[in-house]
Amino acid sequence: MHAGNRPHSSVARLTSSMRGVGSCASGASSCADADRPKVLITGGLGQLGVGLAKLLRRRFGENNVILSDIRKPPNHVYHHGPFIFSDVLDYTSLRETVVNNNVSWLVHYAAVLSAVGENNVALAKEVNITGLHNVLDIATEHGLRLFVPSTIGAFGPSSPRDPTPDLCVQRPRTIYGVSKVHAELMGEYYHHRYGLDFRCLRYPGIISADSEPGGGTTDYAVQIFHAAVKSGLFECNLRSDTQLPMMYIDDCLRATLEFLEAPAETLLNRTYNIHAMSFTPHGLAQEIQRVLPDLKVTYNVDAVRQAIADGWPMALEDTAARRDWGWKHEYDLAELVQAVLAHVTTGNQLARAH
Ligand SMILES: NC(=O)c1ccc[n+]([C@@H]2O[C@H](COP(=O)([O-])OP(=O)(O)OC[C@H]3O[C@@H](n4cnc5c(N)ncnc54)[C@H](O)[C@@H]3O)[C@@H](O)[C@H]2O)c1
């Protein structure tokens, strides 16, 4: 796919070019031109990318954040800030995009998620492992700050599950999990070996109101809200007592921005757990029923998803993130339910009005 592009050729340049990578003081709502990074988000049309682009554009300016994906964007995305086609498996074209746009931060969201990955291992291997290799080499060669999200899926049945610490046995049983452990280890290796400014957060299941989940094991926790508002009936594909760590999307995206902006010297780790809340389908349904008492939930367990969830953490231990760069979640279960129901209800009313 690509030859002669290995990082050793650029280590000397890396140190000097990294000085140019902007870092705005945390707390300000926007930052001075000279400090603004130029950000490229790969896989940006999934559940998380569009929201992250919105947040980063408010902070760094609309034209300093480029969304990319291999799919055609909807109009509201296409008309609100730069969008380009970029396939992370195409090394030359990705490199060209980074060079031509003077990119200084790369957020690597392109991935095949847990449930989809188990149904197409070859694709997950290609996107999650080969794609990551391309991104690592390009980021190192061009002195980028590289953010790669990991996941609760990077742990497995032999990891301590309640809570799961930052450092412990990681023997996941999905190709998704294996590829994310690989990403954590490769990123940390490139950091130590070549000085790459690699940053990685292990996200819990992320709950959003206005973007669709992309085929993960925690998707039910998004779908239940839409069903609750539309029909009042929801069939859950996980057992009612399956406890998993979850987070509202606003907390996840804010964590990502704050972590990206944290001064490198404060980061004692390069991979951190972040935690907000843990709940079961039964607990989530009960909280929604406080607002929508007619919601009825039935259970039709999907064996593949259940087996994945049974090997995942029930809660993440995140004291290092709170200590090193000030991570603090804002949404617990009650606030999450209020926020998501408000969004979903407004979205439905708008859709009916058109
Ligand atoms: N959403 C979650 O709950 C969650 C939890 C933990 C970690 N993560 C991680 O966060 C990142 C973003 O997650 P998401 O939920 O937005 O994922 P998603 O599945 O919704 O979106 C992934 C995007 O990647 C794109 N993509 C696939 N192959 C590509 C390729 N070859 N080149 C470029 N783009 C390609 C897809 O078109 C899609 O838009 C992923 O790395 C995921 O592993 C997400």
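The dialogue below moves from confidence to strands, helices, the ligand and the backbone.

Modeller: This is a predicted model, in which local features need pLDDT of at least 70 and side-chain atom pairs count only at pLDDT 80 or more, while totals for chains, interfaces and linings use all residues. Residues are numbered from 1 along each chain as its sequence is written.

Colleague: What is the average pLDDT of the chain?

Modeller: pLDDT is the predictor's confidence in each residue, from 0 to 100. The chain averages 91, and 90% of the residues score at least 70. Over residues 1-23, however, the pLDDT is below 50, although this stretch has 35 contacts in the model beyond near neighbours in sequence. Two residues are in contact if their C-beta atoms, placed from the backbone, lie within 7 Å.

Colleague: How many helices and strands does the chain have?

Modeller: Both are DSSP runs, numbered from the N terminus: helices are H or I with at least four residues, and strands are E with at least two. The chain has 13 helices and 13 strands. Of the contacts with a separation of 6 or more, 78% are between residues 24 or more positions apart.

Colleague: How is burial read, and what share of the 354 residues is buried?

Modeller: A residue is buried if 20 or more other C-beta atoms lie within 10 Å of its own, exposed if 12 or fewer, and partly exposed in between, with C-beta atoms placed from the backbone. Buried residues make up 45% of the 354 residues in the chain. Tyr109, in the loop between β4 and α5, counts as buried because it has 23 C-beta neighbours inside 10 Å. Beyond its neighbours within four places in sequence, Tyr109 has contacts that include Ile41, Gly46 and Pro149. Ser93, in helix α4 (residues 91-100), has 15 such neighbours and therefore counts as partly exposed.

Colleague: Which strands pair with β4, and in what sense?

Modeller: Strands of a sheet pair through backbone hydrogen bonds, either parallel or antiparallel. Here, two strands pair if DSSP finds at least two bridges between them. β4 runs parallel to β1 (residues 39-42), joined by four bridges, and parallel to β5 (residues 145-147), joined by three. Val39 stands opposite Trp105, and Leu106 has Leu146 as its bridge partner in β5. β9 likewise pairs in the parallel sense with β13 (residues 296-299), over four bridges, and Phe234 stands opposite Val297 there.

Colleague: In what order do the three strands of the open sheet stand?

Modeller: The order is β8-β10-β12, with mixed pairing. β8 and β12 stand at the edges with a single partner strand each, so one side of each lacks a neighbour in the sheet. Helix α9 (residues 249-261) lies across β8 and β10, at about 80° to β10; axes are lines fitted to C-alpha atoms, for helices over the stretch in contact, and angles run from 0 to 180 degrees between N-to-C directions.

Colleague: How many residues surround the ligand?

Modeller: A residue is near a molecule or strand if its C-beta atom, placed from the backbone, lies within 6 Å of it. There are 27 residues around the ligand, and the closest are Gly43, Gly46, Ala110, Ala111 and Gly214. Helix α6 and strand β8 each supply at least two residues of this shell.
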